Amino acid sequence: MASPTLITPTTSTPKSLLPPIRSKLTVTTATSTTTPPQSRRMFVSLAAGIILSPILPVSPTWAVSDEEYVKDAGEVISRIRNTISKDRNDPDVADAVAQLRETSNSWVAKYRKEKALLGRSSFRDIYSALNAVSGHYISFGPTAPIPAKRRVRILEEMETAEKALQRGR
């Protein structure tokens, strides 16, 4: 049975166990006109923008070149094919899966933020295949064989991605 003190609300104010903290510094302000923090933030951000705009140009020069994307995508495709074609008894399968995971993480981190590449069919197919392969190995371990149906789908996606890369898509 519950205690009546837990059920009944208290009307008295709770007493603090610690004494109140009093500042040793006393600040006396006599009708000072201080600017609110909001306008200071706006001023600082505006000033920083004006100062840094010639230094940090906002242009597509930082965008990844098309040749670099094609080269990296081809490397990822070959790495996926080599990894899923390995036999589960192969002693290098765990290393191949680890290298594929590292390659896929760096590829996705590099190209996912590029808005121009997100609409490409090659990007979509490679991303889907990477997701299927890495999801399989994360769930079942590096020595678990990929089921035939999933393997066929991944290889089809790799073929369509290669064709799309050759067409510039």
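A salt bridge here is a side-chain nitrogen of Lys or Arg within 4 Å of a carboxyl oxygen of Asp or Glu. Before I use that, the provenance: this is a predicted model, where local features need pLDDT of at least 70, side-chain atom pairs count only at pLDDT 80 or more, and totals for chains, interfaces and linings use all residues. Residues are numbered from 1 along each chain as its sequence is written, and side-chain values use heavy atoms, with hydrogens and water left out.

The structure has seven salt bridges. One of them pairs Asp66 with Arg120, at 2.6 Å from N to O. Asp66 sits in helix α3 (residues 66–85) and Arg120 in the loop between α5 (115–118) and α6, so this pair ties together parts that are 54 residues apart in sequence. Helices, for the record, are DSSP runs of H or I with at least four residues, numbered from the N terminus.

How accessible are the two partners? I call a residue buried under 20% relative accessible area, exposed over 50%, and partly exposed in between, using a 1.4 Å probe and protein chains only. Asp66 is partly exposed at 37%, and Arg120 is buried at 17%.

Next, Lys110 and Glu68 form a salt bridge, 2.4 Å from N to O. Lys110 is in helix α4 and Glu68 in helix α3, 42 residues apart. Lys110 is partly exposed at 28%, as is Glu68 at 30%.

Glu162 lies in helix α7 (residues 148–166) and Arg81 in helix α3, so the pair ties together parts 81 residues apart in sequence. Salt bridges with shared partners also join Glu68, Lys71, Asp72 and Lys110 into one network.

Now the packing. Helix α4 (residues 93–111) and α6 pack at about 140°, with axes 11 Å apart. That makes α4 oblique to α6. Among the residues of α4 at this meeting are Leu100, Trp107 and Tyr111, and α6 brings residues including Phe123, Leu130 and Tyr137. Contact means heavy atoms within 4.5 Å.

Last, Asp125, in helix α6 (residues 121–140).

Key: Helices (H or I, at least four residues) and strands (E, at least two) are DSSP runs, numbered from the N terminus. Axes are lines fitted to C-alpha atoms, for helices over the stretch in contact, and angles run from 0 to 180 degrees between N-to-C directions. Angles under 35 degrees count as roughly parallel, over 145 as roughly antiparallel, 65 to 115 as roughly perpendicular and the rest as oblique.
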